[in-house]
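Look at the model below before reading on.

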Amino acid sequence: MKIGIIGFGAIGFDVAKKLDQEKDQFNVIGVHSRTKNKIIDKTTSFNSPLRYLSLNEICKKCDVVIDCAPKETFKEIIQKCLYYKTKLITVSGAGILENLEIVNKAREYSTQIFLASGAIIGLDGLNAVSEGEVSFVKMITRKPPNALINAKFVLENNIKLKNLSEPKLIFSDNAFEGAKAFPANVNVAAAVGLAGIGAKKTQLEIWADPNLSKNTHSILVNSDSSNFKIEIENIQSEENPGTGKITALSVVATLRGLISSLKVGT
């Protein structure tokens, strides 16, 4: 299986590093990134330093492309993958929400798109209860101010998070609007919406909390088959505090599910 990685920031680099440690199972043939000159420098310690490929080359030559790029590039990436019948693993739930019409054409092009769970857990349970009747889904995200201070919504609305002394509610709406407002911070909200009753029916709150050192998410679900609460505390990525370390690992787990003889969970 030939694998390509698009985007080489905190998530893309961690994915590449993990796959490089398992060269016997995963064959990463190249990376596409805006920081072309940094790819070689950042992978000098790898068993096999990665080479740069254009977006067209990486989608054409690979069996699976891993998208770790900003949401703004998702449409072009998915269009290239469909054209070349390349499978796509992505962490961009927000990108999927904005391009559902294109995503839903994947079967016509004999390929598949996989949304990795990213910084959230329990999507298998949410998928399962959604086969029945779900009456309520609410997600509450709480992050240290340093994980939100440069978010698009925070900057555009001039929300002050420096020297915050107590938790502050900075967003309350549905997951669809949340994914648009915080495309790089709460991709998990889009994933929860896609796995459950839809992003527009999924309630979302986002808090900046100076008492926290981890990015936290809680999901409350009521349905005709099960009521449950999901909670997770994620250790921040060293390079990008808005991203949890688990995000890159979820991508690798998704990829492993494509090649394993046994796949546990939905």
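The sections below take the basis of the model, then the pocket, then the salt bridges.

## Basis

This is a predicted model, in which local features need pLDDT of at least 70, side-chain atom pairs count only at pLDDT 80 or more, and totals for chains, interfaces and linings use all residues. Residues are numbered from 1 along each chain as its sequence is written, and side-chain values use heavy atoms, with hydrogens and water left out.

## The second largest pocket

The second largest pocket holds about 870 Å³ of space. A pocket here is an open set of points on a 1 Å grid over the protein atoms alone, where a 1.4 Å probe fits, with protein on both sides within 12 Å along at least five of seven lines. Its volume is the space filled by probe spheres set on the points, which are joined across faces, edges and corners.

The lining of the second largest pocket comprises 44 residues. Lining residues have an atom within 4 Å of a point. I11, C68, A69, P70 and A184 lie nearest the centre. At least two lining residues come from each of α1 (10-20), α2 (36-42), α4 (74-83), α10 (187-195) and β9 (215-223). Helices (H or I, at least four residues) and strands (E, at least two) are DSSP runs, numbered from the N terminus. α10 gives the most, with 3 residues.

By class, the lining has 19 polar, 17 nonpolar and 8 charged residues. Ala, Val, Leu, Ile, Met, Phe, Trp, Tyr, Cys and Pro count as nonpolar; Asp, Glu, Lys and Arg as charged; the others, Gly among them, as polar.

## Salt bridges

The model has 5 salt bridges (a side-chain nitrogen of Lys or Arg within 4 Å of a carboxyl oxygen of Asp or Glu). One of them joins R256 to E22, with the closest N and O atoms 3.0 Å apart. This pair links distant parts of the chain: R256 sits in helix α11 (residues 245-259), E22 in the loop between α1 and β2 (27-32), 234 residues apart. R256 is partly exposed at 26% relative accessibility, while E22 is buried at 15%. Buried means under 20% relative accessible area, exposed over 50%, partly exposed in between (1.4 Å probe, protein chains only).

K71 pairs with E98, the closest N and O atoms being 2.8 Å apart. This pair, too, links distant parts of the chain: K71 lies in the loop between β3 (64-67) and α4, E98 in helix α5 (residues 93-98), 27 residues apart. K71 is buried at 14%; E98 is partly exposed at 43%. K229 and E231 form another salt bridge, 3.2 Å from N to O. Both K229 and E231 are exposed.
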